[in-house]
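Visitor: Could you take me through this fold? I would like to begin with the overall picture.

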Amino acid sequence: MDNNNEITHDFSPFFKVYKDGRIERYMVLDDLPAGLDPESGVLSKDVVISPESGVKARIFIPETVGSDQKLPLLVHYHGGGFCAGSAFHILTKHVLTSTVSQGNVIAISIDYRLAPEHLLPIAYNDSWDGLEWIAGHSNGLGPEPLLNNHVDFGKVFLMGESAGANIAHYLAVHAGAIGWAGLKITGVIIVHPFFGDKEVDKMYRYLNPASSGGDDDPKLNPAVDPNLSKMGCEKVLVCVAETDFLRNRGEAYYKTLAGSGWGGKVEFYETKGEDHCFHAFKHCGETDALTKKCVDFMIME
């Protein structure tokens with residue numbers, strides 16, 4: 001018997017670990033090339049955030065943006081349990097092309113490095129580096145002309161789904177806690193967020209050896225974060241899906257933030273009859289309604 005084929009950890013539906021250290025993911029989606037999406041009329045372009053780490057991002061921009069037109073910016077962090085997903089695959093395309101085309105905004109999805117090959121908190125750090133790279137364009141002198149010429153840096157929003165929502169929350173709190181002056185974050189859109197509960201999350205603990213995986217970790221339980229009331233934005237939209245196993249954690253997050261003493265506005269939105277991140281996997285009336293809710297959140301004063 002080949003002991004190297006013995007499975008030491010099985011975190012279905014994400015990945016399993018063999019005795020020899022090999023990682024095998026259950027689902028791998030191919031990346032799509034950047035370019036024009038003929039259905040939505042959205043253009044995409046890939047950029048390098050950090051040559052040292054290899055972190056990249058994909059920018060999505062409406063095809064009809066004027067030469068001197070400046071649009072709101074949506075900074076996106078994909079889901080996938082910190083160990084799957086990409087800024088370049090079809091699920092991110094589904095989420096962002098509809099938002100960009102309907103909202104007439106520019107979006108950029110940060111392709112943070114994945115665990116367990118790159119253990120947490122690397123995904124958080126890469127995501128923060130991406131935000132700082134974006135902020136380097138606020139004076140019009142950054143390395144990417146699309147951002148210099150077409151972004152209204154007075155209207156910047158963060159958005160993530162599932163693990164990406166956890167990251168977006170963390171970044172907004174971190175920005176407020178350190179008094180970051182790099183960007184003014186107007187709002188954060190938290191979609192079907194992953195947070196912990198009273199049980200130890202064994203996969204998160206494996207992906208982040210410095211964490212207990214329990215509710216004493218502020219990344220898993222915002223209620224124990226002493227900086228929660230310093231969240232560095234004006235408003236937050238929390239979206240949940242009725243049949244999502246994480247639905248109650250999203251509602252708990254909403255209630256925690258609302259009662260934290262933070263001075264911003266927090267709003268709660270529930271999609272009935274739908275499951276976790278349904279909007280990334282299928283197009284339906286509820287998908288359009290969720291997209292419209294996110295767009296309205298960005299354009300409403």
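Guide: The secondary structure of the chain comes to 8 helices and 12 strands, where helices (H or I, at least four residues) and strands (E, at least two) are DSSP runs numbered from the N terminus. This is a predicted model, in which local features need pLDDT of at least 70, side-chain atom pairs count only at pLDDT 80 or more, and totals for chains, interfaces and linings use all residues. Residues are numbered from 1 along each chain as its sequence is written, and side-chain values use heavy atoms, with hydrogens and water left out.

Visitor: How many strands are in the open sheet, and in what order?

Guide: The open sheet has 9 strands in the order E4-E5-E6-E8-E7-E9-E10-E11-E12, with mixed pairing; two strands pair if DSSP finds at least two bridges between them. Strand E4 (36–37) and strand E12 (265–271) are at the edges with a single partner strand each, so one side of each has no neighbour in the sheet.

Visitor: How many bridges join E11 to E12?

Guide: Strand E11 (residues 235–241) is joined to E12 by 7 bridges, and the two run parallel. Val-238 stands opposite Phe-268 in E12.

Visitor: Which strands does H1 touch?

Guide: Helix H1 (residues 90–103) packs on the sheet and touches E4, strand E5 (42–50), strand E6 (55–62), strand E7 (71–77), strand E8 (106–111) and strand E9 (151–161). Contact means heavy atoms within 4.5 Å. The direction of H1 makes about 35 degrees with that of E6; axes are lines fitted to C-alpha atoms, for helices over the stretch in contact, and angles run from 0 to 180 degrees between N-to-C directions.

Visitor: And where does H6 lie?

Guide: Helix H6 (residues 247–258) lies across strand E10 (185–191), E11 and E12, and runs at about 160 degrees to E11.

Visitor: Turning to H2, why is it described as largely enclosed?

Guide: Of the 14 residues of H2, 10 are buried, so the helix is largely enclosed by the rest of the structure. Buried means under 20% relative accessible area, exposed over 50%, and partly exposed in between (1.4 Å probe, protein chains only). The buried residues of H2 include Trp-128, Leu-131 and Trp-133.

Visitor: How much of the whole chain is buried?

Guide: Of its 301 residues, 51% count as buried. Among contacts between residues at least 6 apart in sequence, 70% join residues at least 24 apart.

Visitor: What does the C-alpha trace span?

Guide: Along its principal axes, the C-alpha trace of the chain spans about 65 × 45 × 40 Å.
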